[in-house]
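Please have the 3D view open as you go through the points.

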Amino acid sequence: MVKGEPGGRSLFISKCIVSLPEFEMSNSKVIKNKIFLKSINGSAIFVMLLLVGFFLTLLYAAWPALRANGFSFLWGKTWDPVRDNYGMLPFLIGTLITSFLALFISAPFAIGAALFLGEYYPHGTVSNILRNIIELLAAIPSVVYGFWGLFVIVPYVQTFEHKLNIPSSGLGIFSASLVLSIMLIPYSVSLIRQVISMTPIQLKEAAYALGCTRTEVIMKVILPSNLSGISAGFLLSLGRALGETMAVTILIGNSPKLPNSIFSASNTMASLIANEFNEAVGSTYTASLVEIGLLLFIVTTIINLLGRMIIKKVSVKL
């Protein structure tokens, strides 16, 4: 029988199967495989335990303040360590205004750079150069950003405020947000570019086939279809902004009062801890600072988890 006939074809397949070498995993390979698998599982469990350990340690250190201050700590407007009167509302407001203002300023530039890298120049020399520049921006220490903003941004902000008849030294929420927005751009660009690059090619080809221009494809196809992923990228950048310390500490003015405008001097939760932790005297004072750190830890963790969940859903959907 030949291979073209039914019986010959089955005989040929059976001979090929018999001729395949039998694969048997030796005991040493089985042991190595089990050790490798257990090491991976152990690493994952260690990271989870580390996160829980951070939370429990902060909770234990903040417990005296939780008992002494109660829930009034969340909406208290006065921070007076001399009288043991602690309220974190001014610092919470300062943190939120600074972070969201920085995110608002950086959003157009981040989306534009991400579209440039993800749609116009995904490959090539121009793309490589721009990506390296963005990575260098992310690698600059925050204290360097703070000093750069102090000597470059603050004088311009002070001149602008004087034109508006606002007496100010240039230090405040606006200056801190400007520098923080520059720090957020590399994180936003890297995440948004990744989402934009995952846009199904069929959607873009269909839009071009209907006569859409490239601008229309971007505005009506790419951005709407990736809206959740772009939002997730900004969420992760927001988590980065909430925890920024040194640059904000140098530029925000460090005032414990409630801000009445974006040009007011203020304080964030992170900058307050950096400024006062070494000077904290007494268990309640120290525990109150740790309590602010605990709340900041919870907020940033939730924001980062939400952003990762959204990006994961977008990736699976695409």
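How are α7 and α10 oriented to each other, roughly parallel or roughly antiparallel? This is a predicted model, and in it the axes of the two helices cross at roughly 150°. Angles over 145 degrees count as roughly antiparallel, and α7 and α10 are therefore roughly antiparallel to each other.

**The packing of α7 and α10**

- Helix α7 covers residues 173-197 and helix α10 covers residues 227-242, and their axes come within 9 Å.
- The crossing in which α7 passes α10 is right-handed.
- On the α7 side, the contact is made by L180, M183, L184, Y187, S188, L191, I192 and V195.
- On the α10 side, the partners are G229, I230, G233, F234, L236, S237, R240 and A241.
- Sorted by class, the residues of this contact are eleven nonpolar, four polar and one charged.

**The largest pocket**

- You will find that the largest pocket has a volume of about 150 Å³.
- Its lining is made up of L117, R131, I134, E135, A138, P186, Y187, V189, S190 and R193.
- Two helices, α5 (125-139) and α7, each supply at least two residues of that lining.
- The most comes from α7, which gives five residues to the lining of the largest pocket.
- By class, the lining holds six nonpolar, one polar and three charged residues.

**Where the two topics meet**

- Look at Y187, which is among the α7 residues that touch α10 and is also one of the residues lining the largest pocket.

Methods. Residues numbered from 1 in each chain as written. Predicted model: local features only at pLDDT ≥ 70, side-chain atom pairs only at ≥ 80, totals over all residues. Heavy atoms only, no water. Axes fitted to C-alpha atoms, helices over the stretch in contact; angles between N-to-C directions. Helix = DSSP H or I, 4+ residues; strand = E, 2+ residues; numbered from the N terminus. Parallel < 35°, antiparallel > 145°, perpendicular 65-115°, else oblique. Left-handed = near helix turned anticlockwise from the far one by under 90°. Contact = heavy atoms within 4.5 Å. Nonpolar A, V, L, I, M, F, W, Y, C, P; charged D, E, K, R; others polar. 1 Å grid on protein atoms, 1.4 Å probe; cavity = no way out; pocket = protein on both sides within 12 Å on 5 of 7 lines; lining within 4 Å. Points joined across faces, edges and corners; volume = space filled by probe spheres on them.
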